[in-house]
Amino acid sequence: MSDCCSINPPAALRSVKARIEKLAICPLCGEKGKRVKSITLQSLLKPEALARFDGSVHRFCSNPACDAVYFSGQEAAPFLKSDLTVRVGIKEDTAPRHVCYCFNHTIEEIEEQWRSSGKITVLEDIKTRMKIACWCETKSPQGSCCLATVTKCMQAVIANQSRATNNLLQALSAQPSSDP
Ligand SMILES: [Zn+2]
């Protein structure tokens, strides 16, 4: 009994899967990327960057700390923030940081709404206006609907605010008189 000619499908599948997964990993930070359409790169890359776009499948790196925006997983260098005509809001730490490119909403606006009224209407505004039209594929660096990003951003703003409030309460409760 010999199995010298038999193939090992699980191993073969594993290697294909590993190859596909490797292609989905950002070469700069190692995080998984989400596939974007060519039209997004064609719409948002500066002319000199667009000249080296070969039309191959590219993915968006959503790691806020990573300089890479689009990568192919092939040998070509990734496209960086500086290769785009727009700022990638989630990868910036100064205003204005856009989270919705179709209707011009920023992280600063979300923070301001929460600070001034305790209510955030950005999400509802987007939902209402996108019923008529939106242009995520050509306007947003992620090339897809921004609702998930906006929701995460709102949660972060609310969490930050309650953390700041907790810190303040802790500072207030730490009375000098409580020292032994
Ligand atoms: Zn990255």
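How many helices and strands does the secondary structure of the chain comprise? In this predicted model, the secondary structure amounts to 7 helices and 6 strands. Read from the N terminus, the elements follow the order α-β-α-α-β-β-β-β-β-α-α-α-α.

The overall dimensions were computed from the C-alpha atoms. Along the principal axes, these atoms fill a box of roughly 85 × 50 × 30 Å. Of the 180 residues in the chain, 23% are buried. With regard to contacts between residues at least 6 apart in sequence, 55% link residues that are at least 24 apart.

The chain is split into two domains, with domain 1 spanning residues 26–85 and domain 2 spanning residues 94–172. A distance of 24 Å separates the C-alpha centres of domain 1 and domain 2. To the contact between them, domain 1 contributes 9 residues and domain 2 contributes 5 residues. On the side of domain 1 that touches domain 2, helix H2 (residues 38–44) supplies the largest share, with 4 residues. By residue type, this side of domain 1 consists of 6 nonpolar, 2 polar and 1 charged residues.

Note on methods
Residues numbered from 1 in each chain as written. Predicted model: local features only at pLDDT ≥ 70, side-chain atom pairs only at ≥ 80, totals over all residues. Domains from an automatic or database assignment. Contact = placed C-beta atoms within 7 Å. Helix = DSSP H or I, 4+ residues; strand = E, 2+ residues; numbered from the N terminus. Nonpolar A, V, L, I, M, F, W, Y, C, P; charged D, E, K, R; others polar. Buried ≥ 20, exposed ≤ 12 C-beta atoms within 10 Å, placed from the backbone.
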